[in-house]
Amino acid sequence: MFLRQRESLSFDRSVPGKRGMDLPRLDVPEAKDTRPAHLKRSGFDALPELSEVEVIRHFTRLSKWNYGVDDGIYPLGSCTMKHNPRLNEKVAGQPGFTDTHPMAPDALVQGNLELLFTLQAWLKEITGLPGVTLQPSAGAAGELTGVMLIRAYHVSKGAKRRVILIPDSGHGTNPATAAMAGYEVVELPSRPDGTISFEDVTDPVTGKVRKGLETLVRELGTEIAGAMITNPNTVGVFEYRFKEISDLLHSVDALVYMDGANMNALVGVARPGDFGVDVMHLNLHKTMSTPHGGGGPGAGPVCCGEKLLPFLPVPVVVRDTVKVGEGEVPKHTYRWDWDRPQSIGKVHTFFGNFGILVRAMTYCLSHGSDGLREATLRAIVNANYIRARLKGAYALHIDSPSLHEVVFSDTLQAKHDVHTLDIAKRLIDHGYHPPTIYFPLIVPGALMIEPTESEDKGELDAFCDTLLAIAKEVEENPDALHQAPTLAPLRRMDETTAARKPVLRWVKPA
């Protein structure tokens with residue numbers, strides 16, 4: 001019961017003079033405070049003064065409020081929050097990986113370079129694309145790197161293009177990435193089945209006509225630098241006309257960027273390079289089971305086709321092979337290739353988040369190609385099992401076949417003045433982390449669920465039983481959902497005020 005109580009701030013527990021450590025007396029003169037006055041904080045005297053026991057207990061209690069993949073199903077849609085195998089951690093913790101200095105000469109880190117080269121080879125096979133950079137440290141960084149490659153390609157041909165096409169079913173980072181790279185974003189509308197519309201679409205409410213892909217390509221032509229397409233898209237639907245989309249864009253020498261955040265639905269089953277993708281990123285902290293969330297290190301490698309190879313960030317790991325005697329195993333050596341005159345440069349300090357790349361390689365080797373394919377199929381089966389169990393209790397705004405995730409709408413619950421946020425808050429009372437809510441925007445009151453392959457049928461049934469019970473509660477006692485959560489350490493927040501008037505620093509009471 002104690003852990004359900006509100007934990008006070010460490011500042012409020014502070015008592016002047018308390019110490020958690022003893023430091024030896026200075027045997028040199030005390031350093032002078034040389035900080036310029038304008039760089040000093042005002043109204044902030046010192047950090048909290050606490051004993052070691054208080055510090056440990058404070059942060060331990062806070063940690064028990066957290067919910068993670070080790071606690072249970074973490075059903076964030078479009079985020080692939082899957083189990084992080086302990087084998088990954090054991091391998092990544094080997095001294096040869098953890099103690100290597102990133103500036104060590106190539107000859108002294110052959111094992112590490114071989115690992116990176118091997119991971120590149122796996123990603124090439126998984127995506128069907130011949131070029132890889134492992135530098136980007138997150139999906140968003142991978143997106144920006146990919147769009148920079150597109151820009152470099154057009155600049156090398158003397159072309160000045162201004163537009164990136166992005167579907168309304170894409171990830172929210174895509175428009176931001178295109179804008180950061182200096183492009184104007186033009187939105188592609190979706191069809192009722194959730195896929196990109198080739199034809200113009202008329203809004204049934206406003207009567208406004210939104211131009212489809214064919215019209216935009218015809219009108220904008222060589223002003224289009226490329227398109228950023230999430231596949232499967234954020235509705236969990238595969239863009240089954242992707243090859244036609246690629247061919248149409250390639251007809252005006254525009255390039256196709258695929259947001260690979262949802263590759264957990266494709267690995268071992270479909271290769272993006274085979275349906276016309278020119279460049280894409282993969283979120284290894286999703287698809288390859290490395291730690292995800294909390295602002296920690298990630299990995300968002302970028303894979304590309306032949307025409308973008310010259311522009312990849314430097315350096316790239318390459319392998320030199322020396323032939324030996326007949327029947328003997330060739331001798332391989334590995335090195336960083338810096339001699340790439342058309343490269344866009346570096347996109348990360350040193351060579352990326354190496355420890356995350358080690359974990360991803362471990363995941364690939366421990367599963368093998370057949371295991372990676374099986375994980376994909378299980379993820380798809382799990383999402384469709386949830387879809388089948390909840391369909392009817394929750395509305396499907398788009399009823400197309402689902403892959404790795406399913407997106408419900410709150411339209412049935414809205415009749416009782418209960419909305420997606422209320423359902424999410426009620427799930428907290430039942431001990432579950434809520435799914436992604438209100439995204440994608442093309443689904444009203446979206447409730448976006450991705451179970452991944454990590455969950456067995458018992459866990460899925462328990463989760464579905466809870467959502468079904470909540471749906472029944474909506475009809476019988478809707479006010480209970482308006483009050484939720486009632487069992488969490490903190491009750492329902494005023495989220496509007498928190499967003500508009502956030503209090504981001506502690507102020508010492510007068």
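Modeller: What follows is a look at one helix pair and then at a salt bridge.

This is a predicted model, in which local features need pLDDT of at least 70 and side-chain atom pairs count only at pLDDT 80 or more, while totals for chains, interfaces and linings use all residues. Residues are numbered from 1 along each chain as its sequence is written, and side-chain values use heavy atoms, with hydrogens and water left out.

Helices here are DSSP runs of H or I with at least four residues, numbered from the N terminus. The axes of helix H13 (residues 420-429) and helix H14 (residues 457-476), which are lines fitted to C-alpha atoms over the stretch in contact, with angles running from 0 to 180 degrees between N-to-C directions, come within 11 Å and cross at roughly 125 degrees. H13 is therefore oblique to H14, the class left over once angles under 35 degrees (roughly parallel), over 145 (roughly antiparallel) and 65 to 115 (roughly perpendicular) are set aside. On the H13 side, Ile423, Arg426 and Leu427 make the contact (heavy atoms within 4.5 Å), and they meet Phe463, Thr466, Leu467, Ile470 and Glu473 of H14.

H14 also holds Asp461, whose partner Arg389 lies in helix H11 (residues 354-390), 72 residues apart. The two form a salt bridge, with the closest N and O atoms 3.0 Å apart; the term means a side-chain nitrogen of Lys or Arg within 4 Å of a carboxyl oxygen of Asp or Glu. Asp461 is buried at 15% relative accessibility, whereas Arg389 is partly exposed at 26% (buried is under 20% relative accessible area, exposed over 50%, partly exposed in between, with a 1.4 Å probe and protein chains only). Salt bridges that share partners join Arg389, Lys457, Asp461 and Asp465 into one network.

Terms used. Helix = DSSP H or I, 4+ residues; strand = E, 2+ residues; numbered from the N terminus.
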